[in-house]
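Good morning, and thank you for making time for this presentation.

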Protein chains: 2
Amino acid sequence: MTGTTQDDYTDRYARRVRGMTTSEIRALFAVASRPEVVSLAGGSPYIAALPLDAVGEMLGDLAAQQGATSLQYGIGQGTIELRERICEVMSLSGITNASPDDVVVTVGGQQALDLIARLFLDPGDVVLAEGPTYVGALGVFQAAQAQVRHVAMDAEGLIPAALEEAIEATARAGRRAKFLYTIPTFQNPAGVTLSEERREQVLDICERAGLLVVEDDPYGMLSFEGDAPLPLRARRQTGVFYCSTFSKTFAPGLRVGWVLTPHAVREKLVMMSEANVLCPSAFAQGAVTQYLSTMPWQEQIKVYREIYRERRDALLSALEDLMPAGTTWTRPTGGLFVWATLPDGLDSKAMMPRAIAARVAYVPGTGFYADGTGRGNMRLNFSFSSPERLREGVRRLSGVMEQDLAMRAVFGGAGLQPGHQRRRGPAAADAPGPDLA
Amino acid sequence: MTGTTQDDYTDRYARRVRGMTTSEIRALFAVASRPEVVSLAGGSPYIAALPLDAVGEMLGDLAAQQGATSLQYGIGQGTIELRERICEVMSLSGITNASPDDVVVTVGGQQALDLIARLFLDPGDVVLAEGPTYVGALGVFQAAQAQVRHVAMDAEGLIPAALEEAIEATARAGRRAKFLYTIPTFQNPAGVTLSEERREQVLDICERAGLLVVEDDPYGMLSFEGDAPLPLRARRQTGVFYCSTFSKTFAPGLRVGWVLTPHAVREKLVMMSEANVLCPSAFAQGAVTQYLSTMPWQEQIKVYREIYRERRDALLSALEDLMPAGTTWTRPTGGLFVWATLPDGLDSKAMMPRAIAARVAYVPGTGFYADGTGRGNMRLNFSFSSPERLREGVRRLSGVMEQDLAMRAVFGGAGLQPGHQRRRGPAAADAPGPDLA
């Protein structure tokens, strides 16, 4: 209408909109997806490894033969057929006591986190989360107007003493921590895994503090060296929300994830989902159900594991051979990501335009912290590119870093990053970084 | 964890959870979907009318030939290909100036409403909406902790004077109305359509009051008698959010809807969607894009129109022939629903168990009001059942009503509805009901 300008909208936004900022990953998406750029930035599985002809036939049949239900509305919780299959999938990870009644199907893992956040978080509530943590979870907590307090990790994952300290510091500040959000296995972005011993310690600490646990486990089945440790939910039946997705084990383009929820919460979780999307896609649910029922999906996961292990090895070798002295990185035993720490004085965020110019992309570490730290880090993905491309990407990246280091040697740090002082918040001081132990 | 009981969770829920209640429709879903029940309750399109074999072939090809993108992650706003097709679809409804850049693809129409609500509503904000209105929108506003003020309708839709009065009353109460939520065409549940003249009046009133308009238009293409009036968004370029979906024109099981947003808001809307679901399903978007590009989708809509017109006629005839005296109803010229007003003294909510026992289901009017009114009304769907089934459903329903009326004649109203006093809030007094004009 006449007179409605951009300023008019600004004045009308809800308070939750004020702090919203474009994620690092999103701003990079357009450039990083150009074919000439070696992207170490995304988190995409290598879909080309799927038997696409067979999947196509399966999906065609799903519409032609079951279209009257698979193309129709469904119930908010998700179909009982898929929820039963999901319980079978979880039992392979060691969660053997799940009831389909307590599974809520979601629009990918992202909606699972958002629903839990909306169910439990009031503005000002505190969420404890690993530092660094999943960028999409930070977006969820920001939209919920919650405050994230990061908990440090080392090579064995979340540090129990740091968790206790974070709980105490939250209480001292007179704030309420509602839950611990954790990706214990093949963590995104750090690539580290919470050790068996620490799993029990973390659960005990949360139990004593009356803190719920939101366990995000998208990567647990993508282990390169034996089975992953038992999920937290396999160790405690109540107080733990277990979230996962078929994005990494089948296909992200269908957007099918789930929550295994404590029974008392299930009804409210479903209602929250209905208010959000009415119901998850019946077709996508049918697709996953058919895939799990009729295709060799566990064999396919082995294929993914082999491909990703080879690529991880290629990335680690390239880093070893090519990275400038002073660079360190994690050595993941599964999942999709390596977390690198740059030589002192380099700034991953400021360096990004030069990297893109050199046709390589990564995600600066700042995307994975709520508090602006992470300029000394970057996330490197190894699932999507071939071993050769990964090596070429690291070669280009190390070239940019060498240049920055040379510039720094000549001009000092200030000339390199005009207006971008490297920030070091209190979380950084607490956090040795997952590759240091 | 030991000691975490149901009460512990209750103590932890966010404030927005407190008012959440199961919708009328949801509680009925399980019983109403039994085959022996004639369901006039749902809002499902008649999917069996789709050429399912051809759709199956199309979806099979989409996975087999384009799987590397259609099964992969995509961008939060949705694919440019689909957004361009959506602009073509909107141009058929008279919105000729939309840019694909201002279209945001959503998980059905429901997510579109939820995103807009989260973008603009703080707890305590007021939303103006027709009374009755879409039950899913009420769920959205409740989750946003907003307060709904209903605006009365008559057979020509929203009453402009009632809108002005609602705006003034909101201001007098010291509250802020953020937007008008309206379904101007073939309204759900009332089945009425805002007249041409009133469209301009409503837009003028909102413009003067500085009120945004959220126009929900899922049914506009399902007209039985010539074209529907021009959408509000076709009359004003700014200040109007236009929401629609492919659920009624193609298939709800894919969950693909969209918002055409004022340009200034687009970026924030996309960010809100990313925090919610990361990205809409690439496969579902590809399916709709292929459907619109390669199949005779406009012919298919004509097929739906013919089927639904025949069913509307069957429902209206049955109501005419079989309903007890004193019952009135709307006469929709498109869409999926008839809104009925019961003879004085009957209570649609209290009557529901007896209707189910008589093997017929409907949605009690209370589901469509935020304030508990609507016990004298019910929504009847005519899109899903055959003309014969519709008549049989009305026959069963009128039997239940006759019984209730007879009981009432013998025992009076109190004996029929123990503990269920028919509530009449202030909104009911304002609202003549859409079938009275």
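In what order do the four strands of the open sheet in chain A lie? The order is 10-11-14-13, and the pairing is antiparallel. Before I continue, please note that this is a predicted model.

At the edges of that sheet lie strand 10, residues 328-329, and strand 13, residues 363-364, of chain A, and each of them pairs on one side only. Strand 13 of chain A is joined by two bridges to strand 14 of chain A, residues 377-381, and these two strands run antiparallel. Within that pairing, A:Pro364 has A:Met378 in strand 14 of chain A as its bridge partner.

Let me turn to the corresponding region of chain B. Strand 14 of chain B, residues 377-381, is mostly covered, with five of its five residues buried. On one side are B:Asn377, B:Arg379 and B:Asn381, and on the other are B:Met378 and B:Leu380; both faces are covered. In general, the side chains of a regular strand alternate between the two faces of the sheet. Strand 14 of chain B is joined to strand 11 of chain B, residues 337-341, by five bridges in an antiparallel arrangement. There, B:Val338 stands opposite B:Leu380. Strand 14 of chain B also pairs with strand 13 of chain B, residues 363-364, in the antiparallel sense over two bridges, and B:Val363 has B:Arg379 as its bridge partner.

How are the two chains related?

A:Leu59 is placed in helix 3 of chain A, residues 52-70. Is A:Leu59 buried or exposed? A:Leu59 counts as buried because its relative accessibility is 1%, and the cut-off for buried is under 20%. A:Leu59 and A:Phe283 are 224 residues apart along the chain, yet their C-alpha atoms are separated by 8.6 Å.

I come now to the domains of chain A. The domain assignment gives domain 1 as 17-50 + 299-410 and domain 2 as 73-294. The centres of the two domains, taken over C-alpha atoms, are separated by 25 Å. In the contact between them, 32 residues of domain 1 of chain A meet 29 residues of domain 2 of chain A. How much area do these two domains bury between them? The value is about 2600 Å², with 65% of it on carbon and sulfur atoms. On the side of domain 1 of chain A, the residues that lose the most area to domain 2 are A:Arg305, A:Thr333 and A:Phe368, together 22% of what that side buries.

Next, consider helix 4 of chain A, residues 80-92. This helix has 13 residues and reaches 19 Å from its first C-alpha to its last, close to the 18 Å expected at 1.5 Å a residue. Its buried residues are A:Leu82, A:Arg83, A:Arg85, A:Ile86, A:Cys87, A:Val89 and A:Met90. What covers these buried residues includes strand 2, strand 8, strand 9, helix 10 and helix 11 of chain A. Helix 4 of chain A is followed by A:Gly94, whose phi is positive, near 105 degrees.

Strand 8 of chain A, one of the elements covering helix 4, is itself mostly covered, with six of its six residues buried. One side carries A:Val240, A:Tyr242 and A:Ser244, and the other carries A:Phe241, A:Cys243 and A:Thr245. Strand 8 of chain A runs parallel to strand 7 of chain A, residues 212-216, to which four bridges join it, and A:Val214 stands opposite A:Phe241. With strand 9 of chain A, strand 8 pairs in the antiparallel sense over four bridges; here A:Tyr242 has A:Leu260 as its bridge partner.

Finally, in chain B, B:Thr289 is found in helix 10, residues 282-294. B:Thr289 counts as buried because its relative accessibility is 11%. Among the residues that B:Thr289 touches are B:Thr79, B:Glu81, B:Leu82 and B:Arg85.

Terms used. Residues are numbered from 1 along each chain as its sequence is written. Chains are lettered from A and ligands numbered from 1 in the order in which they are written. This is a predicted model: local features need pLDDT of at least 70, side-chain atom pairs count only at pLDDT 80 or more; totals for chains, interfaces and linings use all residues. Side-chain values use heavy atoms; hydrogens and water are left out. Two strands pair if DSSP finds at least two bridges between them. The expected span of a helix is 1.5 Å times one less than its number of residues. Buried means under 20% relative accessible area, exposed over 50%, partly exposed in between (1.4 Å probe, protein chains only). Contact means heavy atoms within 4.5 Å. Domain bounds come from an automatic or database domain assignment. Buried area is the accessible area (1.4 Å probe) that two parts lose on being put together, summed over both. Lists of a residue's contacts leave out its neighbours within four places in sequence.
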